[in-house]
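My notes follow the structure.

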Amino acid sequence: MSITSLNYLTTEQVDQFQRNGFLVIEDLLHQEELKTLGQRTDSIAAGKLPNIPQTSVQLEPIFRSGENTIVDQVLSVRKLYDIAVYDDRMWQHVKHPKIVAVITDLLGVADIKMYGDQLFMKAPDTGSAQAWHQDSASWRDIFPMDLVTAWTAIDQSSIENGCLHFIPGTHRWGMLRGEQLANFVPDFGHSPWPIVPVELRPGSVSFHHSLTLHMSEANLSNQRRRGYAVHYMRASSWKDCSVTDAPKMPPFKQVFGRSFEGRV
Ligand SMILES: O=C(O)CCC(=O)C(=O)O
């Protein structure tokens with residue numbers, strides 16, 4: 001499949017994303033693709049791929065602090081990040097034609113770079129929660145604040161094992177940090193700010209805007225919940241180097257289309 005035009009999604013799907021700040025596409029990946037992705041994930045978490053630096057592996061807090069002893073390395077990892085720049089299999093996923101087609105439609109441009117990637121392992125019993133946040137509140141050196149994440153369910157993602165939850169329309173609120181956000185959190189779940197849990201079958205992908213508020217609960221179930229989040233931006237984005245407290249990222253790789261002099 002090749003992508004040459006911005007018309008993979010229907011107008012209704014693009015409208016839905018623009019209205020809610022997120023969109024679900026069920027069964028985007030074939031089961032075979034998913035199987036190799038899941039196997040690669042576990043090999044990286046197990047430390048079997050020497051080209052992935054240890055700095056890309058973050059353990060769950062209870063293992064980091066020594067409160068729990070590591071019995072199974074793979075099930076002790078909280079997340080793997082910045083892995084696609086080191087690993088061809090993960091990069092293949094970043095460039096997946098269907099995912100890139102959705103991203104170009106949602107951003108409305110064909111020139112795309114990867115901002116970064118994070119693989120949330122969310123192991124049974126120990127997978128920790130992710131509090132309410134907007135991604136651009138961390139990536140506050142990238143402008144415009146109009147990035148899109150493709151979150152691929154490697155396992156079934158359910159309310160029980162900590163699926164993503166979104167608050168529709170919050171991508172139109174602008175950036176909220178610290179007290180600006182904390183002030184609203186008690187209102188979430190009540191009108192006019194419903195919380196929408198997004199349960200996904202393995203191989204389905206949810207897409208969210210970088211200002212959409214989202215969170216996930218701890219995994220208290222006995223089922224794994226791995227999700228691979230790839231963050232895409234316009235190749236014409238600008239990085240404000242005077243912002244010093246944003247994450248330090250590897251060089252941004254071109255995913256599709258053109259690059260622009262003086263931009264990311
Ligand atoms: O997978 C999770 O639990 C958190 C994901 C997330 O925050 C993101 O993809 O931006």
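I count a polar contact as a pair of N or O atoms within 3.5 Å. The model I am reading is predicted.

**Entry: ligand contacts**

I applied that cut-off to the ligand. A polar side-chain atom of Trp151 comes to 3.0 Å from a ligand oxygen atom. For Asp135, I found a polar side-chain atom 3.1 Å from an oxygen atom of the ligand. Ser216 has a side-chain N or O atom 2.6 Å from a ligand oxygen atom. I then looked up the areas: the ligand taken alone exposes 290 Å², and the protein buries 98% of that.

**Entry: ligand site**

Which pocket holds the ligand? I found the ligand in the largest pocket. Two or more residues of the shell come from each of β5 (130-133) and β11 (214-216). I listed the residues around the ligand; among them are Phe120, Lys122, His133, Leu164, His208, Arg225 and Ala229.

**Entry: Thr152**

Next I went to Thr152, in strand β7 (residues 148-153). Is Thr152 buried or exposed? Its relative accessible area is 0%, so I noted Thr152 as buried. I looked up its contacts beyond four places in sequence; they include Leu29, Leu34, Leu37, Ile99, Val205 and Tyr228. His93 is also in contact with Thr152. The side chains of Thr152 and His93 are joined by a polar contact of 3.2 Å. Last, I checked Phe207, which is 55 residues from Thr152 along the chain. The C-alpha atoms of Thr152 and Phe207 are 8.8 Å apart.

Conventions. Residues are numbered from 1 along each chain as its sequence is written. This is a predicted model: local features need pLDDT of at least 70, side-chain atom pairs count only at pLDDT 80 or more; totals for chains, interfaces and linings use all residues. Side-chain values use heavy atoms; hydrogens and water are left out. Helices (H or I, at least four residues) and strands (E, at least two) are DSSP runs, numbered from the N terminus. Buried means under 20% relative accessible area, exposed over 50%, partly exposed in between (1.4 Å probe, protein chains only). Contact means heavy atoms within 4.5 Å. A polar contact is a pair of N or O atoms within 3.5 Å; within protein, one must be able to donate a hydrogen and the other to accept it, and residues adjacent in sequence count only if both atoms are side-chain atoms. A residue is near a molecule or strand if one of its heavy atoms lies within 4 Å of it. Accessible areas come from the Shrake-Rupley method with a 1.4 Å probe; for residues, only the protein chains shown count as cover. On a 1 Å grid over the protein atoms alone, a cavity is a set of points where a 1.4 Å probe fits but cannot get out, and a pocket is an open set with protein on both sides within 12 Å along at least five of seven lines; lining residues have an atom within 4 Å of a point. A molecule sits in a cavity or pocket if more than half of its atoms lie within 2 Å of its grid points.
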